[in-house]
Amino acid sequence: MKSLPLRLALVAFLLESIAGLSGCHSTTGTVSHEPTAYLKFLNAEKGDMASIDGGTPLRLESGGENEPIFAAPGKHTVQIIRSGAVVLSREILVSDLQTLEIRVP
């Protein structure tokens, strides 16, 4: 008869262990981010402007002091305008998480 309480205690312990372990699980997945790419213009002269996909021209700093400009990953048309004339017109392809450097002539 003394073994009955021991058996009940053992069964209770096993049930609690199973219940406790059933709550443990792991999950897997991926971390996603917003697609991000940048363009950096090198060797620009004072007054140069950059236009991406025919958008509003952006003023460039002279030399290599330009901050990278955000561009969605994909295909774009880039133009560099100097003194009202287009000195560079190029189709580019920029990848996600890439900073593409474009040398201004």
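This text leads the reader through the structure shown above, from its overall plan to single residues.

The model is a predicted one, in which local features need a pLDDT of at least 70 and side-chain atom pairs count only at pLDDT 80 or more, while totals for chains, interfaces and linings use all residues. Residues are numbered from 1 along each chain as its sequence is written, and side-chain values use heavy atoms, with hydrogens and water left out.

Along the sequence their pattern is α-β-β-β-β-β-β-β. Of the 105 residues in the chain, 27% are buried. Here buried means under 20% relative accessible area, exposed means over 50%, and partly exposed lies in between, with a 1.4 Å probe and protein chains only. Among contacts between residues at least 6 apart in sequence, 52% join residues at least 24 apart; a contact means heavy atoms within 4.5 Å.

The strands may now be followed into their sheets. Two strands pair if DSSP finds at least two bridges between them. Strand 2 and strand 5 run antiparallel and are joined by four bridges; Ala-50 has Ile-80 in strand 5 as its bridge partner. Strand 5 and strand 6 also run antiparallel, and nine bridges join them. Within this pairing, Gln-79 stands opposite Ser-89 in strand 6. The hairpin of strand 5 and strand 6 has two residues between the strands, and in this hairpin Ser-83 takes a positive phi near 55 degrees.

A further open sheet has three strands in the order 4-1-7, and its pairing is mixed. Strand 4 (69-71) and strand 7 (99-103) are the edge strands, each pairing on one side only. From one strand to the next the twist averages 35 degrees, where axes are lines fitted to C-alpha atoms, for helices over the stretch in contact, and angles run from 0 to 180 degrees between N-to-C directions. Strand 1 (residues 37-42) and strand 4 run antiparallel and are joined by three bridges. Ala-37 stands opposite Ala-71 in strand 4.

Strand 1 and strand 4 also supply the one aromatic pair of the structure. A pair of aromatic rings is described by the distance of the centres and the angle of the planes. Rings of Phe, Tyr and Trp (its six-membered ring) pair if their centres lie within 6.5 Å; planes under 30 degrees apart count as stacked, over 60 as edge-to-face and the rest as tilted. The ring centres of Tyr-38 and Phe-70 are 6.1 Å apart and the planes stand at 80 degrees, so the pair is edge-to-face. The pair links distant parts of the chain, as Tyr-38 in strand 1 and Phe-70 in strand 4 are 32 residues apart. Tyr-38 has 31% relative accessibility and therefore counts as partly exposed, whereas Phe-70, at 51%, counts as exposed.

The next topic is the interior. In soluble globular proteins, nonpolar side chains tend to be buried together. A nonpolar core is a set of buried Ala, Val, Leu, Ile, Met, Phe, Trp, Tyr and Cys residues joined through side-chain atoms within 4.5 Å. The largest such core has 17 residues, and those with the most contacts inside it are Leu-39, Phe-41, Leu-60, Ile-80 and Ile-102. The elements giving two or more residues to this core are strand 1, strand 2 (49-52), strand 4, strand 5 (74-82), strand 6 (85-94) and strand 7.

Phe-41 lies in strand 1 and is buried because its relative accessible area is 1%. Leaving aside neighbours within four places in sequence, the contacts of Phe-41 include Ala-50, Leu-60, Ile-80 and Ile-102. The C-alpha atoms of Phe-41 and Pro-68 are 7.6 Å apart in space, although the two residues are 27 apart in sequence.

Asp-48 is found in the loop between strand 1 and strand 2. This residue counts as buried because its relative accessibility is 0%. Not counting residues up to four places away in sequence, Asp-48 touches several residues, among them Leu-60, Ile-80 and Val-104.
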